[in-house]
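Let's take a walk through this model together. Have the sequence and the 3D view side by side, and follow along as we go.

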Amino acid sequence: ASGSGSGAADTEMAEALDRAAPVAAADSVVAVAKPKKLGSGSTAPPGTRLTGFYELQAVLTHKGRSADSGHYVSWVRQPDGSWIEFDDHQPNPKETDQILALKGGGDHHMGYLLMYRAQFI
């Protein structure tokens, strides 16, 4: 929000961030499993070794010409590989090529935040 009163909003936001900091710090610790030798030269069981490849799982887009106006929409991959667009009230099924076309420009959706999942072997 802009104008008079933004100082109070800034103070409120700073206080909320201070309260959330210990929780965010605790949640940000991520354990990465490393393959372990299991004896006689074998490595970790299948499905537990990182490949270095990642699969796109979700996209948050912004549609609009400026940061001060527009609309945010999420696009989420389902367990079966299909995609669903979540735009306010009605979820809509989408094709993969529609997700790959989220490159923005003018009044089109632009990928703002991309979420990936690591692939394992």
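**Starting from Q57**

Q57 counts as buried because its relative accessibility is 16%; buried means under 20% relative accessible area, exposed means over 50%, and partly exposed is in between (1.4 Å probe, protein chains only). Before going on, a word on the ground rules: this is a predicted model, where local features need pLDDT of at least 70 and side-chain atom pairs count only at pLDDT 80 or more, while totals for chains, interfaces and linings use all residues. Residues are numbered from 1 along each chain as its sequence is written, and side-chain values use heavy atoms, with hydrogens and water left out.

You'll find Q57 in strand β1 (residues 50-66); strands here are DSSP runs of E, at least two residues long, numbered from the N terminus. Setting aside neighbours within four places in sequence, Q57 is in contact (heavy atoms within 4.5 Å) with W75, V76, R77, W83, M115, Y116 and R117.

Now hop over to V76, one of those partners. V76 sits in strand β2 and is partly exposed, since its relative accessible area is 27%. Not counting residues up to four places away in sequence, V76 touches Q57, A58, S82, W83, I84 and F86. V76 and P93 lie 17 residues apart in sequence, and their C-alpha atoms are 9.7 Å apart in space.

So how do the strands line up? Five of them form an open sheet, in the order β4-β3-β2-β1-β5, with antiparallel pairing; two strands pair if DSSP finds at least two bridges between them. At the edges stand β4 (90-94) and β5, each with a single partner strand, so one side of each has no neighbour in the sheet. From one strand to the next, the twist averages 25° (axes are lines fitted to C-alpha atoms, and angles run from 0 to 180 degrees between N-to-C directions). Over at β4, the pairing with strand β3 (residues 83-87) is antiparallel and runs over five bridges. There, E85 stands opposite N92 in β4.

Last stop, the surface. Y72, Y112, L113 and M115 make a nonpolar patch of about 440 Å². Patch residues have over 30% relative accessible area and no salt bridge, and nonpolar side chains (Val, Leu, Ile, Met, Phe, Trp, Tyr) are joined within 5 Å; a salt bridge is a side-chain nitrogen of Lys or Arg within 4 Å of a carboxyl oxygen of Asp or Glu. Strand β5 (residues 109-120) gives the most to this patch, with three residues. Y72 is in strand β2 (residues 69-77), and it counts as partly exposed because its relative accessibility is 42%.

How values were computed. Patch = residues over 30% accessible without salt bridge, like charges linked within 9 Å, V, L, I, M, F, W, Y side chains within 5 Å. Areas by Shrake-Rupley, 256 points an atom, 1.4 Å probe, with all protein chains shown as cover. Helix = DSSP H or I, 4+ residues; strand = E, 2+ residues; numbered from the N terminus.
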